[in-house]
Amino acid sequence: MVHPLPSRLQRHFGDYLLLGDSGYLLEPFLMTPVTNPTNEAEELYYRALVRTRVIVELTLGVVKNRFRCIHRFGGELQYTPLRSAKIVSAYLLLHNRCVSRSIPDPNNHLPEEDMPIEAHVVGAGDRGGTGRQTRNEIIPEFYGRKGV
């Protein structure tokens, strides 16, 4: 049985793509790293995905540090994914307001377990091959050498 969450995610995000690490299945709407890049375009895609994920992980670490209830050691959100997403969005807005007003983070350090590390690609797979097709279209379009 196919889990209903992916189609709901796809309807919610439309034409946008989500980025995931190698622990996620490659889907048409969820891009994961190339397991073994074989050309320059795949290598550029891989590096861009890893750099973007590091920024996301750092940002989440800072927000989880400021709002401890979303940190796994300070508590957990016991709500549906949609409600949790709304709560986290509110935390992000509050965090941005604090930054813009120079309000210091009372917990001004990231716990070591929240520090991002470079993705270790093990390849979680691709349900039905359609994610691979999407990724194979994206890589040359955005990371291939155009006119060079």
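Is L94 buried, exposed or partly exposed? I looked this up and found that L94 has a relative accessibility of 46%, so it counts as partly exposed (buried is under 20% relative accessible area, exposed over 50% and partly exposed in between, with a 1.4 Å probe and protein chains only).

I noted that this is a predicted model, in which local features need pLDDT of at least 70 and side-chain atom pairs count only at pLDDT 80 or more, while totals for chains, interfaces and linings use all residues. Residues are numbered from 1 along each chain as its sequence is written, and side-chain values use heavy atoms, with hydrogens and water left out.

I placed L94 in helix α3, residues 81–100 (helices are DSSP runs of H or I with at least four residues, numbered from the N terminus).

Next I looked at how α2 and α3 pack, and found an angle of about 85 degrees with the axes 10 Å apart (axes are lines fitted to C-alpha atoms over the stretch in contact, and angles run from 0 to 180 degrees between N-to-C directions). The two helices, α2 and α3, are therefore roughly perpendicular (65 to 115 degrees). On the α2 side, V62, V63 and R66 meet Y91, L92, H95 and C98 of α3 (contact means heavy atoms within 4.5 Å).

Last, I turned to the largest nonpolar core, whose eight residues are L26, M31, V34, A41, Y45, L49, I138 and I139 (a set of buried Ala, Val, Leu, Ile, Met, Phe, Trp, Tyr and Cys residues joined through side-chain atoms within 4.5 Å). Helices α2 (40–66) and α4 (130–143) each supply at least two residues of this core, and α2 gives the most, with three.

Conventions. Angles under 35 degrees count as roughly parallel, over 145 as roughly antiparallel, 65 to 115 as roughly perpendicular and the rest as oblique.
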